[in-house]
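This report concerns a predicted model. Please consider the sequence and the structure together.

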Amino acid sequence: VCSLPLSDSTHLIVSGGGRAQVKCTSISLCNLAHSSQAEALAAERLNVSPLAEFPPVLSQKESRLRRKQPPSVAPESRVMSLAAFYGQTHSVSSSASAAPHGDESEDRHCCIAAGYSDGLLRLFKLDAQRKRMVVLAESEHQQHSIQSLNHVVDMTTGAQILISGCTGGKLTVWDCSKIFSSVRTEGECSSQASGASPNDGVERRVSDTSQCKLDLLKSRGEHLSQPLSEVCIKTADASLPMCPVSSFSGHPSAIASQSVWSMGGGAVLVATGGDGGSLSCSKLQMSIVDGCLHVQQAWRVVAEFAHSSSVTGVSFSSVSTLCTSSCDQQVKMWKLTTSSDQGAETAEILETGKMMSSISDCHSLASWQCGEKQAVTALAGAGIQLIHSTMD
């Protein structure tokens, strides 16, 4: 599950589960101010309305047609990780990762990245007015399940990347900038309607049976061998598949959790927790060379025995402070220090505090700075717990 603020009072909740299904729901937070107890809140008291779903809900006729075709999504494929963010088709502004306070601008799209158990990575664009999700790009099947996803926007280089962690212990960087440029091209081509040439479009999915789109399929020689809800319009200028930029070693075991912190200047801190109880933190440096994104690992530091079991949650409170949680019900604070020796930057990670949590089966953690030296950590598992701590 992940969330994205749509306005001051509305949030987008994205959830994924079995059979590769992704659902989007808009939730109004106006009623929260009138509730005194969080336990008393119920779904019917909130303004909850489903926005979109993938795979789409089919009519009876489309369902009968689909039964005759091979399944497009394997039943055993599950959504393991999600990331919701705003994708920019023009130059990146300072509010690219923030919520749009007001009407959404034309060059900003609500995007959702989903990682699957079979190693597939999909990038969607949410169309809230039509209540559907459009597949912008998808990767080839990887060898390992994608367990974590994070989106990073760098103001200096203008790069928009996805960082994924898999069960193979590797971190993979994906470039989304060119994909969003294709979205801009699609919008310009769709405005030309019937005047569009075969080379002006990009690959996109058809979600209705309007006559103009059927005529467009026939003019391009496409055969309706698939249900209409799954037909793709492909042209000579179709966008390329989603390809990784680079991969880095993270853990000898699976990556169970991940957190990122953008430092600016093309630098990104990435902290990961492994199934073996280790904690790793690395600095990635991005640069644009001849219009292509290059990512290098500046340094990497590892705490081998950070926890006695799998690190299920990791989160940055500040650029030098992070918090971790584990199945052993311990919550630990860590301090990250860097130094420069003969032009080479080195780092060290030290434990500054720990405590036992009353939450069992902790599966997620979020931490943020509150004041100059205060931090708040939220744990979620078989219950929810808030921890206030002091940063050194």
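The model is predicted: local features need pLDDT of at least 70, side-chain atom pairs count only at pLDDT 80 or more, and totals for chains, interfaces and linings use all residues. Residues are numbered from 1 along each chain as its sequence is written, and side-chain values use heavy atoms, without hydrogens and water.

An open sheet is built from four strands in the order 15-16-17-18, with antiparallel pairing. Strands are DSSP runs (E, at least two residues) numbered from the N terminus, and two of them pair if DSSP finds at least two bridges between them. Strand 15 (255-264) and strand 18 (292-303) are at the edges with a single partner strand each, so one side of each has no neighbour in the sheet. Strand 16 (residues 267-274) and strand 17 (residues 279-289) are joined by seven bridges in the antiparallel sense. Within this pairing, Gly273 is opposite Leu279 of strand 17.

Five salt bridges are found in the whole structure, each defined as a side-chain nitrogen of Lys or Arg within 4 Å of a carboxyl oxygen of Asp or Glu. Among them are the following.

| Pair | N to O distance |
|---|---|
| Glu138 and Arg122 | 2.9 Å |
| Arg130 and Asp127 | 4.0 Å |
| Asp127 and Arg132 | 3.8 Å |

Shared partners join Asp127, Arg130 and Arg132 into one network. Arg132 is buried at 15% relative accessible area, whereas Arg130 is exposed at 53% relative accessibility; buried means under 20%, exposed over 50%, and partly exposed in between (1.4 Å probe, protein chains only).
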